[in-house]
Amino acid sequence: MDSATTALSEMEGEIGRRAGPQPSMPVMFDGMALPPFPPLINNAKKRFEDIRSLDCRQDDVLLVAYPKSGTHWIWEIVCMILKQKAEYSKEPKEFLFLEAMPDLDVVRNLPSPRPMNTHLPYRWLPTQHIENGGKIVHVLRNPKDVCVSIFHHAKVAPTVHGDVGDFQTFFKTRFMNPKVKLMGGWFKYEKEFEEAEKKDKRGAIFTVHYENLKKNPIHEARRLADFLNIDLRHEDIVEIVDKCSFQKLKQADETVKDQSVFKESGLPTTLINNLYRKGEIGDWKNHFTVAMNEQFDAVFKEEMIDSDIDIQFE
Ligand code: A3P
């Protein structure tokens with residue numbers, strides 16, 4: 001075992017406290033490399049357990065996605081649907097981002113319905129929410145575009161992510177490296193969700209595919225409103241979809257959102273400013289070499305052999 005592998009193995013079993021961020025080494029917990037959010041850096045075990053034991057209400061809505069799957073986009077759509085108005089909220093998604101918000105107590109004092117959001121895998125979601133049959137909106141995006149999006153996200157913040165190198169290096173040493181897979185890796189995360197959805201007899205889980213929303217936004221937003229039991233006119237849906245289009249949302253992020261929430265999150269501004277990057281399907285084609293694509297397809301085929309998830313790469 002080389003020294004880097006040894007160091008990573010030692011970190012794998014680590015639960016909890018670390019003195020502070022160490023640029024090239026992510027915090028590990030329960031086999032997952034975690035994003036560099038201050039509450040996770042300070043005490044990952046505590047924040048995970050606090051989320052799992054959160055007091056939930058019957059009408060809470062939980063938005064759950066693997067990082068860089070389009071969470072901000074769908075968060076805005078969900079919020080507008082719940083408000084029954086195509087109006088941007090002042091609060092950004094980070095305001096109710098369970099593992100990143102500085103104080104989880106904020107959730108307790110909020111009026112219903114509370115649109116919370118998280119990247120935690122299914123097994124770590126609030127137990128009470130699952131027992132209640134509370135609504136879960138799960139966002140799913142093809143893993144090649146997810147990989148590219150994470151790369152660009154990490155690249156702009158070397159102080160927290162370390163030097164990720166060029167895309168090929170990132171792909172090999174981070175995205176495909178079993179020792180440091182973000183949230184335990186896309187495959188495990190999505191297969192766990194698929195299993196939960198198959199067992200979900202109450203229809204509590206609704207999966208939105210990023211690609212479907214992009215290709216057919218009005219249809220998908222209507223399905224989402226139906227799932228949330230909100231009766232909206234066609235004109236309202238059209239307006240919501242328009243206000244949540246990539247360019248308009250990017251602009252609203254800069255002009256409408258309460259910037260203090262971002263500051264309190266403790267994340268570098270370079271990360272915050274890069275949330276709306278390109279917003280397209282298939283940018284992976286501009287990044288993957290033929291060899292990388294073949295390697296990924298082989299892993300995908302093996303990992304997803306028993307899966308029925310329909311992934312759209314273009
Ligand atoms: P890209 O990096 O490929 O552009 P998350 O919100 O989960 O962090 O996901 C971020 C990804 O969603 C980014 O992908 C971002 O550009 C994309 N995104 C954000 N808003 C979007 C929108 N309105 N339409 C399409 N994609 C959007």
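Predicted model: local features only at pLDDT ≥ 70, side-chain atom pairs only at ≥ 80, totals over all residues.
Is G203 buried, exposed or partly exposed? G203 is partly exposed, because its relative accessible area is 39%, which falls between the 20% and 50% cut-offs. Its place is the loop between α8 and β6 (205-209).

Next, select helix α8, residues 186-199. Its 14 residues span 20 Å from first C-alpha to last. That is close to the 20 Å expected at 1.5 Å a residue. Colour its buried residues: W186, F187, Y189, E190, E192, F193, E194 and A196. Keep the helical repeat in mind while looking along the axis. An α-helix has 3.6 residues a turn, so residues three or four places apart point the same way.

Move to the ligand. There are 18 residues around the ligand. Show T71, H72, S149, Y210 and K278, which come nearest.

- K68: a side-chain N or O atom is 3.1 Å from an oxygen atom of the ligand.
- G70: a backbone N or O atom lies 3.0 Å from a ligand oxygen atom.
- C244: a backbone N or O atom lies 2.9 Å from a ligand nitrogen atom.

Last stop: the second largest pocket, with a volume of about 300 Å³. Of its 14 lining residues, select C79, E91, L96, P113 and P115, the closest to its centre. Then select helix α3, residues 71-83. Helix α3 gives the most to this lining, with four residues. Colour the lining by class: nine residues are nonpolar, two polar and three charged.

Terms used: Residues numbered from 1 in each chain as written. Heavy atoms only, no water. Helix = DSSP H or I, 4+ residues; strand = E, 2+ residues; numbered from the N terminus. Expected span 1.5 Å × (residues − 1). Buried < 20%, exposed > 50% of the residue type's maximum accessible area, 1.4 Å probe, protein only. 1 Å grid on protein atoms, 1.4 Å probe; cavity = no way out; pocket = protein on both sides within 12 Å on 5 of 7 lines; lining within 4 Å. Points joined across faces, edges and corners; volume = space filled by probe spheres on them. Nonpolar A, V, L, I, M, F, W, Y, C, P; charged D, E, K, R; others polar. Near = heavy atom within 4 Å. Polar contact = N/O pair within 3.5 Å; in protein donor to acceptor, adjacent residues only side chain to side chain.
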